[in-house]
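Here are some short notes to read beside the model. Keep the 3D view open and find each part as you go.

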Amino acid sequence: MQESKVKDAFETLFRKDYRLFSAPGRINVIGEHTDYNDGFVLPAAIDKKIYLAICPAGDRSAHIVSVDFDDAVAFDVDGAQPDLPHWALYPYGVVRELQADGHEVGGFHAVFGGDIPTGAGLSSSAAIESAFAAALNELFTLNADRFTLAKTGQRAEHNYVGVRCGIMDQFASFFGKEDHVIRLDCRSLEHEYYPLQLKDYRLLLIDTQVKHSLASSAYNARRQQCEDGVEAVRERDPSVKSLRDTTLEMLDEHKPLLGEEVWKRCSYVVEENQRVLDACAALLRGDTEKLGALMFLSHRGLRDKYEVSCKELDLLVDAAEETEGIIGARMMGGGFGGCTINLVNRSALDAFRQKTSDAFFKAFGHHPLFYDVNTGDGAGESLT
Ligand code: GLA
């Protein structure tokens, strides 16, 4: 549906031949706020995507149309940065970061849109970056590999959007594989695919539809606290480069130096890294119950120690914990709103949806949205 909307808009607006690219959003089973701490994550690409129709312009001008925002921008690829609406900072940042890597990016006509809910913690922004990075790489024969392109998207987010995100979202958007989750070591970028076999269980996302405007500054503040923690530990132990190199014992030992709040943030990260490894082992054993239990623990850490949850997310996780057949749930993504991810027995699905929807409405006056999740493949070109 969204794909044909993008194609139709391109044909109407530009009346030219084009190539079609897409890049998916992602879920994350476990491992939150660990990526920028050189830790482990367990994401998967989903079957909801950004679609991008694009062709070279033949000159140095870029024209980008967003179907979803019903808006358009134009800029000179060699010129100074113009005033741009927020959505355009993502593709603009990708162009600039490709150039910063020494690539020759020409002008282009592009139309994009998608079906990834925005602000839901499903990384629609990383999908925009990945779609443009993949497309410009092909269009101008830049010959960059997928690792480099994922990092280009991440840098666009740091330098043009202002969020100092980790690599998880862009990596999942490029490297996703249907029916698999990716265990990614964010330090080495070594990754391994695990079949997502959940037996009688399904993954269900519940979207609070809450979007906090301060989420990106709070995100950067958390990252800063982790860096402060590393800095403090490093004063005594210079071999420590990131929280990946620390243990709970080390953090306890340095607690007076770190202070209570930084200690809480750092110890959450160390514990969450271990939970990702335990979750992978559980997946391999087919122990879905253990995986679910780890998800509940992850939520507790995010709520009490990392403090990135909110009352809407907590209500959803509490409801899951109280319901028979829901064996795991936690907030997903950066936090302060967005979705919870739930591990739900198929037989409990309908009753759980009803019950949760009612409880949520009673507390907050609006209903949450439910998304059944299917995993999907990473970014690439498709036939027009
Ligand atoms: C956002 C960021 C990711 C990651 C998550 C939290 O999605 O873009 O890099 O840090 O939050 O795990």
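1. Start with helix H10, residues 288-305, in this predicted model. At 1.5 Å a residue, its 18 residues should span 26 Å. The C-alpha atoms at its ends are 25 Å apart, so the length agrees with a helix.

2. Which residues of H10 are buried? Among them are Leu-291, Leu-294, Met-295, Phe-296 and Leu-302. The buried set also includes Gly-292, Gly-301, Ser-298, His-299 and Lys-305.

3. Now look at what surrounds the helix. The buried residues of H10 pack against helix H9 (260-285) and helix H11 (311-322). They also pack against strands S9 (201-211), S10 (326-331) and S11 (337-345). After H10 comes Glu-307, with a positive phi near 55 degrees.

4. Step back to the whole chain. The domain assignment gives domain 1 as 2-196 + 376-382, and domain 2 as 201-373. Their centres, taken over C-alpha atoms, lie 25 Å apart. Domain 1 brings 37 residues to the contact, and domain 2 brings 46.

5. How much area do domain 1 and domain 2 bury between them? The figure is about 3400 Å², with 63% of it on carbon and sulfur atoms. On the domain 1 side, Ile-30, His-33 and Arg-164 supply 21% of the area buried against domain 2, more than any other three residues.

6. Check the polar links too. There are 4 salt bridges between the domains. Arg-164 also forms a salt bridge with Glu-227, with the closest N and O atoms 2.8 Å apart. Between the two domains, 23 residue pairs are in polar contact. Strands S1, S2, S7 and S8 each supply at least two residues of the domain 1 side that touches domain 2.

How values were computed: Residues are numbered from 1 along each chain as its sequence is written. This is a predicted model: local features need pLDDT of at least 70, side-chain atom pairs count only at pLDDT 80 or more; totals for chains, interfaces and linings use all residues. Side-chain values use heavy atoms; hydrogens and water are left out. Helices (H or I, at least four residues) and strands (E, at least two) are DSSP runs, numbered from the N terminus. The expected span of a helix is 1.5 Å times one less than its number of residues. Buried means under 20% relative accessible area, exposed over 50%, partly exposed in between (1.4 Å probe, protein chains only). Contact means heavy atoms within 4.5 Å. Domain bounds come from an automatic or database domain assignment. Buried area is the accessible area (1.4 Å probe) that two parts lose on being put together, summed over both. A salt bridge is a side-chain nitrogen of Lys or Arg within 4 Å of a carboxyl oxygen of Asp or Glu. A polar contact is a pair of N or O atoms within 3.5 Å; within protein, one must be able to donate a hydrogen and the other to accept it, and residues adjacent in sequence count only if both atoms are side-chain atoms.
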